[in-house]
Amino acid sequence: MATTTLPDAEIAEARNEAKTAAKSAEKKSAATKYVYSFGGGKADGNGKMKDVLGGKGAGLAEMTNAGLPVPPGFTIQTEGCREYMRSNAVSKDLDRQMNEALAALENLQGQKLGKGDNPLLVSVRSGAKFSMPGMMDTILNLGLNDQSVEALAKRTGNPRFAYDSYRRLIQMFGNVVLDIEKSVFDKIFDAKKKQKKAKLDTDLDAKALQEVILEYKKAAKKHAKRDFPQDPQEQLVMARDAVFRSWQNDRAKTYRRINNIDDMLGTAVNVQAMVFGNLGDTSGTGVGFTRNPANGTKEFYGEFLLNAQGEDVVSGVRTPVPILELEKIMPDVYNQLRDITTRLEKHYKDMQDFEFTIQDRKLYMLQTRNGKRTGLAAVRVALEMVDEGLITKEEAIFRLDPNQVVDFYVARLDEKDAKLEDVLTSKGLPASPGAVVGQIVFTADEAVEKAGHDTEKNPVILVRAETTPEDISGMEVAVGILTSQGGMTSHAAVVTRGMGKSCVAGAGEIAVDERAGQMRARGQVFNAGDWITIDGSTGRVLRGKRNLLPPDPENLAKLEHFMSWAEPFRTMGVRANADIPRDAEKAREFGAEGIGLCRTEHMFFAHDRIQHMRAMILADNEKDRRKALKKLLPFQRKDFIGLFKVMEGLPVTIRLLDPPLHEFLPKREQLMVDIASLPSASPKQKKTLVAEYKEYGVKGAGDLKKVLSALLARVEELHEFNPMLGHRGCRLGITYPEITEMQARAIFEAAVEVEKKGIKTHAEVMIPLIATVKEMENQGAIIRRVAEEVFKEKGKHVHYLVGTMIELPRACLVADDIAKDAEFFSFGTNDLTQTTFGFSRDDINKVLPTYLAEGILKQDPFAAIDQEGVGELVEIGIQRGRKTRPKLEVGICGEHGGEPSSVEFCHRVGMDYVSCSPFRVLTARLAAAQAAASEKLNIDGGRTK
Ligand code: PEP
Ligand code: MG
């Protein structure tokens, strides 16, 4: 890696600056409350302080204040993490406050951290404002060392438990704090099991575990070049800092990027007295939901493991038992848990996701938070909570993330094609709904490699025994996830639900050997690349590519009901980007109120038109061009008639030809190769070439030489160094006015014909890539002239508007001028983002991953609008445009029109509508309704994160 060497003077200056910064940070920190205690029935913080305490810390404080059984402890607030990010250390004041809080905790418990006959042990856990399941680090059993482990063994009368806790601490600490690979410890543990002929971890006795501890300590020394720290205080400081650092690990960064979580929030650290779920069969640990997170049914839902420690349940290493079983095993604890969680749901007015531990039949609550859920569950829970009088309709409308609308539209398995002989298992857990078909991959890397950039074309299903947070990149590109272990709250289940991806978890009848790259089921072996179908709605796995069916109408009816509450708030229109009548119909089904963008060039790619289009481009004089255009006219007219009919008087925004012409011609390099190989081509090869170049006028083998050379000459003429900034958009219509004439004629002839049949039309003719008012006037004049000609010829006048796309920064700046001629603006934010950043929209993937990883960009600006830069230009454009024309109609038709945060932005800056692809229309409708409702009701969304 390249390093930069600074001259000495600069180094000294940088050091001085750092010192001054550290001093001022020290001064500022004196006033900061870094540490918030909770325990003994009261807490310094409360449930509203998620920014400061993180979700977990706020929940612990709130539960403590409510008198629930919560092990005491303290939370080090998120500012500590931010300071750590800035200066790689915490302030002295934070250290002091932490020591005071620890002393108070020791007093409350009557124990000392890692000391005495009854040592205090603590857990050290991360907890950010928005939950990031499994992405950051946790350390349990902290405080154990060579002495305190003996005290614990004596006190519990269970040496095996004590040594097991100690070896877990060294393992977690070694991995998280000392940065030693997990596999180093796994190897030692597995070797010991082999040596002792132990099948299960629990088969290793106390003596064997002592031997493991010795070897773990040796391994720590070898790999970290230091001893595992015996001083509990030192353990605590090191663990705290490691948890702060884990905010910046790759998994956490990726998760934040996918979920749009601000990198600067930081995590809090929760230090809490340990309670043990692994003290034997009267102890256990579990997680649960107050309602079913997959479908929203009101049922107590969750799972637990007897004699286990926290991570065993969520990591998916052992398949847990349904929570209802707890009623039989420990009825009192079960009833208390039900009672507490029902109270929590009422208190938070939302479905809760909770964690608990039972230590010797005594229940402790370790966490509660609003539970993540599928879109289906979100709507059902919201509808039912309104019925139960728990929340109002106004609150309910924020309970569905607009991106989750897609869950209602996921595919289902066609039962007719789900024959028994193809079912590999029907006992997997239906962890995240939707059926998908894909090719098996066994690792995240394989998934990324195979899916490439086109997950639709190369669908892969990631098959693993269990997923871990390290798999996040593979999960992102896979169409579905299948795991053989783990429950409904395993990592795979939780993460896929958040992503809206299909998942079958804990399919125990399937054996997965990732190393060998094999999956075995019902005596059959499957390798990477084999096709399977998984059904995340029922938990089935089938061999081969099975038929899929569209979504369940009952759920759609629920969504419709939900939307009927949200919709009345919406003030902004939602249109769709649709080029052909079939897409327009789909858009109307989803409630589109018009077409915001019809890209006319897409119509020219159809096989019956492309030849005329190519003839038009190849023509080197106006007469030939007009001849070809004349042939295209009837096709265009027919398409527009179709669109006007489907839209029945709703606006149809038709954009005139936009892309550079060479996109319609063969590649220059290919032509050169074909010309060069022509003299030696066999008759068969010539026949292939004739067929290939037929559309360019080749009639027989004899023609090839002449036509191909002419074609190459024209392609070279059209060749541009920067086609995106070249001969495209309105520049085409200005240099070849006959193209604009033909398109305008097709639009108006179609509108007149449709209106004559008694169907209203509302055409909005849109000119792309305008930078100056003169361009606008030039094209506007042609369109208006042709309109008058057509109306006169046909004896009928129809209403229409002429406007422009705003896709260039200059257009935003001179919008007042442009609005003199343009009757509407539609922001083409794809091009506007391209031209504002100077990023090529087609090549950004070369830099984007690094930019996101380095935090240079927070998100892909082509997906969510860059509000600071591009957004500022949009606001300027709207203000200046409306200065000239106060009622100027303004919309957006770039990809951002279907992305919730961008839709919210469009609402805020006063757009009349957003336009997006038909499948995102509902998402946009909900996002627009939520934006308006949150403004009207003055509530901050309150969406369940
Ligand atoms: C745009 O630039 O935002 C736009 C919608 O046009 P296109 O994507 O066709 O360039
Ligand atoms: Mg564009």
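This is a predicted model: local features need pLDDT of at least 70, side-chain atom pairs count only at pLDDT 80 or more; totals for chains, interfaces and linings use all residues.
**Close-up views of a ligand site and a helix**

**View 1. The shell around ligand 1.** There are 14 residues around ligand 1, and those that come nearest are Arg599, Arg655, Gly828, Asn830 and Arg841. Two elements, β26 (595-599) and α32 (829-837), each supply at least two residues of this shell. The most comes from α32, which gives three residues.

**View 2. Polar atoms beside the oxygen atoms of ligand 1.** Look for Arg599, where a polar side-chain atom lies 2.7 Å from an oxygen atom of the ligand. Asn830 has a polar backbone atom 2.7 Å from an oxygen atom of ligand 1, and for Thr829 a backbone N or O atom lies 3.1 Å from one. Taken alone, ligand 1 exposes 290 Å², and the protein buries 95% of that.

**View 3. Helix α29 from end to end.** Now follow α29, a helix of 22 residues covering 773-794. From first C-alpha to last it reaches 31 Å, close to the 32 Å expected at 1.5 Å a residue. Just after α29 comes Gly795, with a positive phi of about 70°.

**View 4. The buried residues of α29.** Which residues of α29 are buried? Among them are Met776, Gln779, Ile783, Val786 and Val790. An α-helix has 3.6 residues a turn, so residues three or four places apart point the same way. What covers the buried residues of α29 includes the helices α27 (730-735), α28 (737-756) and α31 (815-818), along with the strands β28 (762-767) and β29 (800-806).

Conventions:
Residues are numbered from 1 along each chain as its sequence is written. Chains are lettered from A and ligands numbered from 1 in the order in which they are written. Side-chain values use heavy atoms; hydrogens and water are left out. A residue is near a molecule or strand if one of its heavy atoms lies within 4 Å of it. A polar contact is a pair of N or O atoms within 3.5 Å; within protein, one must be able to donate a hydrogen and the other to accept it, and residues adjacent in sequence count only if both atoms are side-chain atoms. Accessible areas come from the Shrake-Rupley method with a 1.4 Å probe; for residues, only the protein chains shown count as cover. Helices (H or I, at least four residues) and strands (E, at least two) are DSSP runs, numbered from the N terminus. The expected span of a helix is 1.5 Å times one less than its number of residues. Buried means under 20% relative accessible area, exposed over 50%, partly exposed in between (1.4 Å probe, protein chains only). Contact means heavy atoms within 4.5 Å.
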